[in-house]
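Hi,

Here is the structure I promised to pass on.

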Amino acid sequence: TEESARFDPAGIQMRAESTPDGAFLLNGLKLFVPYAHVADLLICPVRTAGGTGEEGITLLLVERETAGVEWEKLETIADDHQCAVHFREVRVPPDRVLGEVGQDGLF
């Protein structure tokens, strides 16, 4: 989730800005990401177009060790290994798009 704590498409607010070489630049926060502290890859739903709703959502595959990705374990009542993941100027190459840009295929 993000800070809105919504689980529907409108809750996806983190934007991915496209760069001239086709890569994407991420800035934002994802919350309650299970096992992010040990994952090699993170599937990150982001907005590449539009503001709300189902349109304009893209899934990006982000390596956890990428520069600008920082995580912290959240203390939960269930102690279930949930993390907050911060993205600060994270560059994601165009070959890391899952599916098609703006059409995640989930909704």
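**Gln82 and its surroundings**

Leaving out neighbours within four places in sequence, Gln82 is in contact with Phe32, Val33, Pro34, Glu72, Lys73, Leu74 and Thr76. Before you read too much into any of this, bear in mind that the model is predicted. Gln82 sits in strand β6, and with a relative accessibility of 14% it counts as buried. One of those contacts, Pro34, is also the bridge partner of Gln82. That bridge belongs to the pairing of β2 with β6, where the two strands run antiparallel and are joined by 8 bridges.

**More on the strands**

β2 has another partner too: β1 pairs with β2, again antiparallel, over 3 bridges. If you want a spot to start looking, find Ala16, which stands opposite Leu26 in β2. The two strands make a hairpin with 5 residues between them, and Gly22 in the turn has a positive phi of about 90°. As a reminder when you look at any of the strands, side chains in a regular strand alternate between the two faces of the sheet.

Nonpolar side chains in soluble globular proteins tend to be buried together. Here the largest nonpolar core has 19 residues, and Leu26, Leu60, Val62 and Phe87 are the ones with the most contacts inside it. Strands β2, β3, β4 and β6 each supply at least two residues of this core. The largest share comes from β6, with 5 residues. Val62 is a handy one to click on: ignoring residues up to four places away in sequence, Val62 touches Leu26, Asp40, Leu41, Leu42, Cys44, Val69, Phe87, Val90 and Val92.

**Salt bridges**

- Lys30 and Glu2 form one, with the closest N and O atoms 2.5 Å apart. Lys30 lies in strand β2 and Glu2 in the segment before β1, so this pair ties together parts that are 28 residues apart in sequence. Both Lys30 and Glu2 are buried.
- Glu63 pairs with Arg96, and here the closest N and O atoms are 2.8 Å apart. This one links distant parts of the chain, with Glu63 in strand β4 and Arg96 in the loop between β6 and β7, 33 residues apart. Glu63 is partly exposed at 38% relative accessible area, and Arg96 is partly exposed as well, at 23%.
- Glu17 forms a salt bridge with Arg15, the closest N and O atoms being 3.8 Å apart. Glu17 counts as partly exposed at 46% relative accessibility, and Arg15 is partly exposed with a relative accessible area of 34%.

Most residues other than glycine have a negative phi. Which residues have a positive phi without being a glycine? Ala5 is one of them, with phi near 65°. Ala5 is found in the segment before β1 and is partly exposed, with a relative accessible area of 48%. Tyr35 is another, with a positive phi of about 60°. You will find Tyr35 in the loop between β2 and β3, where its 44% relative accessibility makes it partly exposed.

Cheers

Note on methods:
Residues numbered from 1 in each chain as written. Predicted model: local features only at pLDDT ≥ 70, side-chain atom pairs only at ≥ 80, totals over all residues. Heavy atoms only, no water. Salt bridge = Lys/Arg side-chain N within 4 Å of Asp/Glu carboxyl O. Helix = DSSP H or I, 4+ residues; strand = E, 2+ residues; numbered from the N terminus. Buried < 20%, exposed > 50% of the residue type's maximum accessible area, 1.4 Å probe, protein only. Contact = heavy atoms within 4.5 Å. Pairing = 2+ DSSP bridges. Core = buried A, V, L, I, M, F, W, Y, C linked by side-chain atoms within 4.5 Å.
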